[in-house]
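Me: I have a model open and want to learn how to read it. Where do I begin?

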Amino acid sequence: MSDINVRKVHLSNERLEGYEGHGFLATTLDRAVGMARKNSLWPLPFATSCCGIEFMATMASHYDFGRFGAERLSFSPRQADMLMVMGTIAKKMGPVLRQVYEQMAEPRWVLSVGACASSGGIFDTYSVLQGIDRIIPVDVYVPGCPPRPEMILDGVMKIQELAQNESLRRRNSAEYAELLASYGIK
Ligand code: SF4
């Protein structure tokens, strides 16, 4: 019973801005869709090494990824909208990561978790990609080697903010097309 009360409080904090009266709420489509997107992110975990272990802890009961409505992991890019890259990405793995990104439907967001994914980390070598933003656009970076689960959750919440506040027109805009074109993505 107490769980239900907590959930009610949580939902009341999420109320949409708009005009409301007895039995009705008038708001904008952007706000309604943004709220739905924010609370239904489906992650695709692209974990290659130790940062992936931190993600496993993030998924477990102590940190409870399910509180974001994001406990349903997708290993199919077409049914995912938040790509979480966790671990060292070798240059040989780059084309695979890029293909996964390209197969995701819009709107899609990318979270770069940890020093290796964000910058190559300690592996300043010929074989390691020095940051995934060399091949795909990144929305949020999580620092650390490894980042604690709390930091991963903080990164996810930043993605939630982006998802909630993004204009419905952004993905069809010339600026967005230009961003993708700068990565050679159509
Ligand atoms: S950032 Fe550190 S913990 Fe994460 S994959 Fe690289 S070496 Fe491992």
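Reply: We go from the overall fold to the ligand site, then to one helix pair. Keep in mind that this is a predicted model.

Me: How many helices and strands does the protein have?

Reply: The protein has 7 helices and 6 strands. From the N terminus the order is α-β-β-α-β-α-β-α-β-α-β-α-α.

Me: Which residues are around the ligand?

Reply: List the shell, then ask which elements supply it. Here the shell is S49, C50, C51, G87, T88, G114, A115, C116, G121, C145 and P146. Helix 3 (50-59) and helix 5 (114-119) each supply at least two of the shell residues. Helix 5 gives the most, with 3 residues.

Me: At what angle do helix 3 and helix 6 pack?

Reply: Read the angle along with the axis distance. Helix 3 and helix 6 (residues 149-165) pack at about 80°, with axes 9 Å apart. Angles of 65 to 115 degrees count as roughly perpendicular, so this pair is roughly perpendicular.

Me: Which residues meet there?

Reply: From helix 3, E54, F55, A57 and T58 meet P149, I152 and L153 of helix 6. That contact divides into 5 nonpolar, 1 polar and 1 charged residue.

Definitions and conventions. Residues numbered from 1 in each chain as written. Predicted model: local features only at pLDDT ≥ 70, side-chain atom pairs only at ≥ 80, totals over all residues. Near = placed C-beta within 6 Å. Helix = DSSP H or I, 4+ residues; strand = E, 2+ residues; numbered from the N terminus. Axes fitted to C-alpha atoms, helices over the stretch in contact; angles between N-to-C directions. Parallel < 35°, antiparallel > 145°, perpendicular 65-115°, else oblique. Contact = placed C-beta atoms within 7 Å. Nonpolar A, V, L, I, M, F, W, Y, C, P; charged D, E, K, R; others polar.
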